[in-house]
Amino acid sequence: MTATEPATAHRFPEPLLELSSFVMYQLVRETRRLVGADGRLRLSYLGVLSSLAEFGPSAQRDLSARLRIDPSDLVSVLDDLERGGLVRRDRDPTDRRRYAVTLTQDGRERLAERLAASRRMEDRLFAGLTEPEKAQLHRLLLRVYAHLDPERLPPEGTSTG
């Protein structure tokens, strides 16, 4: 800030800060900034690798639906992951029109690295909160999301991390 720049030059207007949705949007933007600082860490890649690790080999169509990634965008993501040796696409033996996407051993190792990097990024993002506050925020976010889209989350009482 310079001597000619007012102290409020970069502040958000108060009415916007009263909207939780605006604050969440700003947190998403900050998350993207932090993720972008690590060029290797893309959330779409993490989603695909995590899905394959948890649910096993999947058809591209199923990955697209599960992760809500547009099918044409998913092809690009899978191309990158396959070039990196993290996934393999093979014709589905039960339906030759489809491809089954499989996580490779390198993919499993990279997933573990990326999850660790994501946890470090979250530590930076939520550094202003205590551990109990972080846990409470996580529970509240899951509850809000469960109200909007309950089929995407495990049943209540099961672990979510």
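Predicted model: local features only at pLDDT ≥ 70, side-chain atom pairs only at ≥ 80, totals over all residues.

Colleague: How many helices and strands does the protein chain have?

Modeller: 7 helices and 3 strands, taken as DSSP runs numbered from the N terminus (helices are H or I, at least four residues; strands are E, at least two). The pattern along the sequence is α-α-α-β-α-α-β-β-α-α.

Colleague: And what order do the strands take in the sheet?

Modeller: β1-β3-β2, in an open sheet with antiparallel pairing; two strands pair if DSSP finds at least two bridges between them. β1 (58–59) and β2 (87–92) are at the edges with a single partner strand each, so one side of each has no neighbour in the sheet.

Colleague: What joins β2 to β3?

Modeller: 6 bridges, with β3 covering residues 95–103. The two form a hairpin with 2 residues between them. R91 sits opposite Y99 in β3, and R88 is opposite T102 in β3.

Colleague: Which helix packs on the sheet?

Modeller: Helix α5, residues 71–83, touches β2 and β3, and its direction makes about 115 degrees with that of β2. Contact means heavy atoms within 4.5 Å; axes are lines fitted to C-alpha atoms, for helices over the stretch in contact, with angles from 0 to 180 degrees between N-to-C directions.

Colleague: Switching topic, how many salt bridges does the structure hold?

Modeller: 12, counting a side-chain nitrogen of Lys or Arg within 4 Å of a carboxyl oxygen of Asp or Glu. One of them pairs E82 with R89, closest N and O atoms 2.9 Å apart.

Colleague: Is R89 buried or exposed?

Modeller: Buried, with a relative accessible area of 16%, whereas E82 is partly exposed at 31%. Buried is under 20% relative accessible area, exposed over 50%, partly exposed in between (1.4 Å probe, protein chains only).

Colleague: What does D92 pair with?

Modeller: R98, with the closest N and O atoms 2.8 Å apart. D92 is buried at 9%, and R98 is partly exposed at 23%.

Colleague: Where do R110 and E113 lie?

Modeller: Both are in helix α6 (residues 105–125), 3 residues apart, about one turn of the helix. Elsewhere, salt bridges that share partners join R42, D80 and R83 into one network.

Notes: Residues numbered from 1 in each chain as written. Heavy atoms only, no water.
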